[in-house]
Each structure stands twice: as structure tokens, then as C-alpha cells.
Amino acid sequence: MAERSAGAETLTEKLGVEIDAELLDRALTHRSYAYEHGGIPHNERLEFLGDSVLGLAVTVMLFTTHPDLDEGALAKRRASVVSTVALAEVARGIGLGAHLRLGRGEEQTGGRDKDSILADTMEAVFGAVFLSAGPDAAESLVLRLTEPLLADPERYGAAMDPKTSLQELAARLGATPPLYAIESAGPDHDRVFTATVSVGDLRSTGSGTSKKTAEMAAALTAWRELSERAESAGA
């Protein structure tokens, strides 16, 4: 194993599983960083593997623990947990953004908090755990990190359709309907969209590789913040 940095040690402790240091570094390496450092290996192959690890773990768990749900309901629940927005939320929960290896351009445009990059890296980490510690350890990690999403029924609706959930919550609270604004940056082949949604005096942002994903990310953040306000006010 390669020697771990202090940052990698911190991340490994949060994950609660031993990961080969070289694989972990690769999982954290975005293609922009790899390009600037002589074409070193990046995380997209591990992301491909981790996507399957995530999907299988969540599918089996939902199938075995919800015998009363039909195929459609199971699919919706799975989609809410494996979505880019949901995975980015999981990644933020363990502080993954601080450990990313990004190129200068991504650093300058807030890549450490972009939903798409966080979600892809989270999948790459799942792939690295699968290769380092085996399928059981990878499945256990997936289920432990996604448990808060699975345990919160309201979050299902918000993660699956955050724009509708935000609109319904705003109406229930008597707030103005959500208004969206979109900006974009980067070349056509690697464009990043940033959405800003306004609900009354609340403004939230989100980013993604399409206008739709950016608006969904912004809407989920706004839904979360508005829900917290409502809970604090006893609404």
C-alpha cells in the first residue's frame, strides 16, 4: 500500500473501512487533475464500478425490506437514493469535497461543491472499497451512508422530484412560487450549469452538467432550507 496522507486518513476514518491508499487516491482524482498531471489515472473507471455496487446494494435492500411495495414503488425509491442530487448530499455529509484532486479550472469554478463531481466521486469511492475490502464491505458502506435518505419518507419525494416538492412546500407556507435563473460556464463539451432559485427572501444554488440537474440541485437545497425554517417556526 502507498502511504496515506493525513487527509486520506481522516476520510478513511469517516468511511470506517480500510481502503488501499493508491485506489483511494485514484477515486478522488478528477479527470481535470489527471489531465494537468501528465494523464495519470483518474476515477472514471472506479465510478463505473461503484455505480453498479451502489445500485445492487440499494436494490437488494429495498427488495428484501419492503415486500409490500410493487416494482414501480421500488424503482422510485431506488432512484431517489442513487440520483446525483442524493449522492452529492451523502458526499457532503462525509466532507468528501475537501479531499478531491481537481484541476485548476474546477478549483476556480467551485468544483469541490458541484453535485455532479461529488456524486461521481462518491461512486468511485464505492468502487475503491469493493476492490480493497470486498463486496460485503462495499455493500455495508453504501447502506450505512444512504440510510438517512432511506429512513426519511419525505426525502424520497424531494430527492426524486425536488422542483415539485419545493413548489408544493412554498404553496403550503404561503410563499411566492419558486423562480429559477440559469448561468453556464466552460466549453461546449464540458459545460457546467449553475441554477439559482428564489422563494421569497430565500436564495439557493445548485450545479450540474445540464440545466435540469442544476435546477434539481438548487431546488433540493431550497426545499431543505425552507423545511428547516418551517420546522423552526412550528409551521
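The points below take up a central helix, the cores, the sheet and a few individual residues.

1. The model under discussion is predicted. The remarks that follow should be read as a description of that model.

2. Helix 8 covers residues 115–133, 19 residues in total, and spans 27 Å from its first C-alpha to its last, close to the 27 Å expected at 1.5 Å a residue. Of these 19 residues, 14 are buried, so helix 8 is largely enclosed by the rest of the structure. Gly 134 follows the helix and has a positive phi, near 100°.

3. Ala 119 is one of the residues of helix 8. Its relative accessibility is 3%, and Ala 119 therefore counts as buried, the cut-off being under 20%. Apart from neighbours within four places in sequence, Ala 119 is in contact with Thr 84, Leu 87 and Ala 88. Gly 206 lies 87 residues away from Ala 119 along the chain, and the two C-alpha atoms are separated by 13 Å.

4. The largest nonpolar core contains 41 residues, and those touching the most other members are Leu 15, Leu 96, Met 122, Val 125, Phe 126 and Leu 145. At least two residues of this core come from each of helix 1 (6–15), helix 2 (21–27), helix 4 (44–65), helix 5 (71–82), helix 6 (84–93), helix 8 and helix 9. Helix 8 supplies the largest share, with 9 residues. In soluble globular proteins, nonpolar side chains tend to be buried together.

5. Leaving out neighbours within four places in sequence, Leu 15 is in contact with Ile 94, Val 125, Leu 141, Arg 144 and Leu 145. There is also a second, separate core of 19 residues, which includes Val 85, Ala 217, Ala 218 and Ala 219.

6. How are the strands arranged in the open sheet? Its 3 strands have the order 1-2-3, with antiparallel pairing. Strand 1 and strand 3 (202–208) are the edge strands, each pairing on one side only. On average, neighbouring strands of this sheet are turned by 20° against each other, direction ignored.

7. The pairing can be followed strand by strand. Strand 1 (residues 179–185) and strand 2 (residues 192–199) are antiparallel and pair over 7 bridges; Tyr 180 has Val 197 of strand 2 as its bridge partner. These two strands form a hairpin with 6 residues between them, and Gly 186 in the turn has a positive phi of about 100°. Strand 2 and strand 3 also run antiparallel and are joined by 7 bridges, with Gly 206 in strand 3 as the bridge partner of Ala 195. Helix 12 (residues 211–233) packs on the sheet and touches strand 1, strand 2 and strand 3; its direction makes about 145° with that of strand 3.

8. Is Glu 106 buried or exposed? Glu 106, placed in helix 7 (residues 104–108), counts as buried at 10% relative accessibility. Not counting residues up to four places away in sequence, Glu 106 touches His 30, Ser 32, Gly 111, Lys 114, Ile 117 and Asp 190.

9. Glu 139, found in helix 9 (residues 135–151), is partly exposed, with a relative accessible area of 31%. Between Glu 139 and Val 60 there are 79 residues of separation in sequence and 9.9 Å in space, C-alpha to C-alpha.

Note on methods:
Residues numbered from 1 in each chain as written. Predicted model: local features only at pLDDT ≥ 70, side-chain atom pairs only at ≥ 80, totals over all residues. Heavy atoms only, no water. Helix = DSSP H or I, 4+ residues; strand = E, 2+ residues; numbered from the N terminus. Expected span 1.5 Å × (residues − 1). Buried < 20%, exposed > 50% of the residue type's maximum accessible area, 1.4 Å probe, protein only. Pairing = 2+ DSSP bridges. Axes fitted to C-alpha atoms, helices over the stretch in contact; angles between N-to-C directions. Contact = heavy atoms within 4.5 Å. Core = buried A, V, L, I, M, F, W, Y, C linked by side-chain atoms within 4.5 Å.
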